[in-house]
There are 2 protein chains.
Amino acid sequence: MKSSQLFTRTRKQAPADETAKNAQLLIRAGFVHKEMAGVYTFLPLGKRVLENVIQIIREEMNAIGGNEISLTALQQKDVWEASGRWSDDVMDVWFRTTLANGTELGLAPTHEEPLTALMKNFIDSYKDLPSYPYQFQIKFRNELRSKSGLMRGREFTMKDLYSFSKDRAEHEAFYEKCAAAYKVIFDRLGIGDITYRTFASGGSFSKFSDEFQTVSPVGEDTIFIHEGKGIALNQEVYTDEVMKDLGIDKNDLVEKTAVEVGNIFTLGTKFSDALDLNYAAEDGTKQPVFMGSYGIGPSRLVGLLAEHFADDRGLVWPENIAPFKVYLAPLGDSVEVTTEAEKLYEQLTKKGIEVLYDDRNVRPGEKFADADLMGIPYRIVISEKTLASSVYEYKGRTDTDAQMLSHTELIAKFV
Amino acid sequence: MKSSQLFTRTRKQAPADETAKNAQLLIRAGFVHKEMAGVYTFLPLGKRVLENVIQIIREEMNAIGGNEISLTALQQKDVWEASGRWSDDVMDVWFRTTLANGTELGLAPTHEEPLTALMKNFIDSYKDLPSYPYQFQIKFRNELRSKSGLMRGREFTMKDLYSFSKDRAEHEAFYEKCAAAYKVIFDRLGIGDITYRTFASGGSFSKFSDEFQTVSPVGEDTIFIHEGKGIALNQEVYTDEVMKDLGIDKNDLVEKTAVEVGNIFTLGTKFSDALDLNYAAEDGTKQPVFMGSYGIGPSRLVGLLAEHFADDRGLVWPENIAPFKVYLAPLGDSVEVTTEAEKLYEQLTKKGIEVLYDDRNVRPGEKFADADLMGIPYRIVISEKTLASSVYEYKGRTDTDAQMLSHTELIAKFV
C-alpha cells in the first residue's frame, strides 16, 4: 500500500485521557482510535495486525478439528434464564437492549447458552459427537472500569471454541489437545517464552480451569510461576492445599504480574443439563453431552503484543503479525529515485511481500520516525546516494546499523 | 473438509415459523440457524459462503483505494445528537443500551456520525483528501417486522464505505468509480444481468441516490426498468417530472419487484457541517469535507443468492461463492473405495481445490441428496464399479447426466 492511500497518520502525543501504554502507542501510530473507554475502532494498520493474529489462531483451531461459525450478538433471555445466568447477580457484565415490540434482549458476553441450544439441532446420537464449533465474534461486557487500553474491553473480539463430547474421557483428550494448540499459538505470536499454563479456579464448573497467563508489568493478575515445571498458579488458587495436591514446593514459586491471554474450562454437563442437550449412547441410554469452552482474546492480544514488543522509538512487531513487512522510503523527489522506488515496490509486491511505500513528500527524518513508530520489521531506503552506488539501504527495525545491499542481496532477504 | 468433521447436517423440513424461501433452504442445508426473527447464526457452510461474498467485495473496494477498518457497535450519543439522528422520530430503528454508570449508548445502525468524528483526527488540509475508509461490520436495526429471512435483518453484516472529498467534483468522480466497482461485484456474484442501477430518493441528503436493485419475486421494492438504457427507477421517484428530467418514456419502463443489494448516497456536507469536519484548502480558506456513503449487505446477498440460485433439489451455488467446489462421495465402505477416495481427497486439496469429502457411512441416495441440497458445484463418485473401470463419476450440479472420466480427465476439470 502507498502511504498516500492510507488515511491515518502518526501523532506525537496520545490523548491525555489514555493512560495505558499499549493504547497510547497504538493510537500514536494510527493503529486504533478510542471510541470510549474499553471500546476501540481498528484503523487500517491495526486491522491488519488483528487479522494476522486471528489467522494464526484460526489455523491452529482448524488443525484440531474446529468448525468456524458466527453466532449473533443479540440474545434471547430464555436460554440464559434456563442456565441461571440472566440475572445481574450471577453475570454482572450484561448490556441489555429491547426489541421494538418490548421484548428484552441481551448482548452476548459469551455464547455457551445459545450455542448449547443450537446444537440440539445437530446432536442426537453418539455418532454426532464429538464436535468443535468456534468463532471470532464481538463480545460485550459492561465493565464498571476499563482503563487498560485494549486489554480490558467493553466491546472486543474473542475466539471462543466449545467442545461437545460423549464423556469426560473424550473431553479430556480434546482439552489437552487444545492446550497444546494454545501453546503453538503463543509460540507463533512470539510470547511463548513468557506465557504460562496456569492453574486457576474452575468457578462454578469444576475444581480447576486452565488460564494462559503472559508475564507483563501491566497485568491485572498475580501468578506464581514454577519455572522447573513450566507452569503457574493463579493467586486465587495459591493455597497450601492446592500446592500439596500438585506436589509443588512454595519456595520454588516466583510471583509475577500477568495478563490472561487465554483460558480453557471444563464445563461438564452444567449447560447440557440446563438446556437439555442429550444424546443416545451406544447402549441406547440417554446421556448429557459433556462440554468445554476455550477462549482467546485477539484484540487483547494486540494490546499485549503492543505493550511487549516496543522500545523508546515505538512498536516492534514480529514479522508474522506486522501490518506490513517492509517500509519502503524513497528520499527526495527526483524522477530517478521515484522511478526506482516504484519499480522495487512492484517487484516486492508481486512476490507477495507486503510493503508500505511512503510516497509522501516529507523529510527523511519524518519517514524514519514513522517507520519506527509503526514498528515495520524492515526499512528500505532509496536515495540519489544509494542510486549512485547501485545499492539499497536496508535496516531491520532493531538493527543498530543499516546495510548497503545490491539488488540481488536485497531480494534474497525476502525469499 | 470431511463430513465427519462438519457438525451440521441437512434436514427435510425447515422450521414451521420460517416462511422465506432463502432461509428455509439455508436452514435445511445447514448453512444458517435462526436465533430469532431477523437474527441468524452462520454455521460452517454459511460462514464460508458469507466469507466468499465478503472477499469479492473486499477486493473491489481495495481496487478503488478503499482502506479497511473496523468501527465499533457501541455508540456514544453526542455525535448522533449533533447530526440530529439520535431521536427515534428521525431514526426509528435504534437499539439502545446503558453503561454500568448509567450512560445511554446506541448500537450502530450505520456509521456516518462516529466515522466523521473520527476523521477529524486525520483530516486538516487538502493534502489529507480524498480518503475512503470502509468496513465489514455488524449493523443493528430494530425493525418492527422481519419476515424475509436473511434479506431484512435486525443484526446483519454490512459493507459500508465512506468517501471524504475536497468538493463535489472530486466526490462525483469517486461516486462513479464506486458505482462501476459495484457493477463488477454483482457480475462476479453472478447476478449482474438482473441487477440494475436504480434512481431513488436522496432522502435528506440530495435529490437522488443510486440503489442497486436485483430483480427477484420476493423483493420488497418495486422498480421500473428501462432495458434499453440498462437502468431503473425506484417507485418512490416514479413521477412524470423525474422521467422528463431523465428523458425517459413511461412506455419503455417495465415494472418488477426487486431486492436492494447496494446503495450509494451523496451526503454532501450534512455530516461534516454537523460535526465540524473541515479542511484548509489550497487557497487557505476553511472548507467543509464533501462526503458520500456506499453500502452493500453481504448477509442479505447470501439470502438473495440462495433464493436465486436454487432448484427443486436445493441450492445451486456459483463456483466462486460455493462453500466447497467439489463433493466427493465414496459409495460403500470397501477398503479399495476408501483408499482411493482418501487419495483423491488429498490430491485435490493439495491443488487448493476445496473438497467436502463425505466419509459418512450412509446410503448413496442420502449422499447425493445432500450434495444437491447444499448446492456444491461438482460431485465426484467413487465406487467399486468405477474402480473396476478405472474411472471417476463426475457430474456438475445442474448437469442431467454424469460423465465417466479417467484420472487425467478428472484433474483437468479443476486446473
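This note walks through a predicted two-chain model, point by point.

1. **Reading the model.** Since this is a prediction, local features need pLDDT of at least 70 and side-chain atom pairs count only at pLDDT 80 or more, while totals for chains, interfaces and linings use all residues. Residues are numbered from 1 along each chain as its sequence is written, and chains are lettered from A and ligands numbered from 1 in the order in which they are written.

2. **Chain A as a whole.** Let us begin with the overall picture. Chain A has twelve helices and 23 strands; here helices (H or I, at least four residues) and strands (E, at least two) are DSSP runs, numbered from the N terminus. Its C-alpha atoms fill a box of roughly 80 × 60 × 45 Å, taken along the principal axes. Of its 415 residues, 49% count as buried. A residue is buried if 20 or more other C-beta atoms lie within 10 Å of its own, exposed if 12 or fewer, and partly exposed in between, with C-beta atoms placed from the backbone. Among the contacts in chain A with a separation of 6 or more, 68% join residues 24 or more positions apart. Two residues are in contact if their C-beta atoms, placed from the backbone, lie within 7 Å.

3. **How the two chains meet.** At the interface, 41 residues of chain B are in contact with 41 residues of chain A. On the chain B side, at least two residues each come from β1 (32-36), β2 (39-42), α2 (44-63), β3 (67-68), β4 (74-76), β5 (95-98), α4 (112-119) and β7 (133-140). By class, that side has 21 nonpolar, 13 polar and seven charged residues. In this scheme Ala, Val, Leu, Ile, Met, Phe, Trp, Tyr, Cys and Pro count as nonpolar, Asp, Glu, Lys and Arg as charged, and the others, Gly among them, as polar.

4. **Symmetry.** What rotation superposes chain B on chain A? A rotation of 180° does so, with 0.0 Å of shift along its axis and an RMSD of 0.0 Å. This is the relation of a two-fold axis. In chain B, the C-alpha nearest the axis belongs to T97(B), at 2.6 Å. The same surface serves both copies, as 100% of the contact residues of chain B recur in chain A. The copies are superposed by least squares on the C-alpha atoms of residues with pLDDT of at least 70 in both.

5. **A residue to look up: L99(B).** You will find L99(B) in the loop between β5 and β6 (104-107) of chain B. L99(B) is buried, because 20 other C-beta atoms lie within 10 Å. Leaving aside residues up to four places away in sequence, L99(B) touches N142(A) and L105(B).

6. **Helices α2 and α8 of chain B.** α2(B) packs against α8(B), residues 298-308, at an angle of about 115°, with the axes 9 Å apart. Axes are lines fitted to C-alpha atoms, for helices over the stretch in contact, and angles run from 0 to 180 degrees between N-to-C directions. From α2(B), the contact uses G46(B), V49(B), L50(B), V53(B), I54(B) and I57(B), and from α8(B), P298(B), S299(B), L301(B) and V302(B). Their classes are eight nonpolar, two polar and no charged residues. Is α8(B) enclosed or open? Eleven of the eleven residues of α8(B) are buried, so this helix is largely enclosed by the rest of the structure.

7. **Helices α2 and α5 of chain A.** The axes of α2(A), residues 44-63, and α5(A), residues 168-188, come within 10 Å and cross at roughly 155°. That makes α2(A) roughly antiparallel to α5(A), a label for angles over 145 degrees. I56(A), I57(A), E60(A), M61(A) and A63(A) of α2(A) meet A181(A), V184(A), I185(A) and R188(A) of α5(A). This contact has seven nonpolar, no polar and two charged residues.

8. **Helix α4 of chain A.** α4(A), residues 112-119, is mostly covered, with eight of its eight residues buried. E113(A) lies in this helix and counts as buried because it has 24 C-beta neighbours inside 10 Å. Not counting residues up to four places away in sequence, E113(A) touches V79(A), W80(A), S83(A), R85(A), F271(A) and L275(A). The C-alpha atoms of E113(A) and Q24(A), 89 residues apart along the chain, are separated by 36 Å.

Note on methods. Angles under 35 degrees count as roughly parallel, over 145 as roughly antiparallel, 65 to 115 as roughly perpendicular and the rest as oblique.
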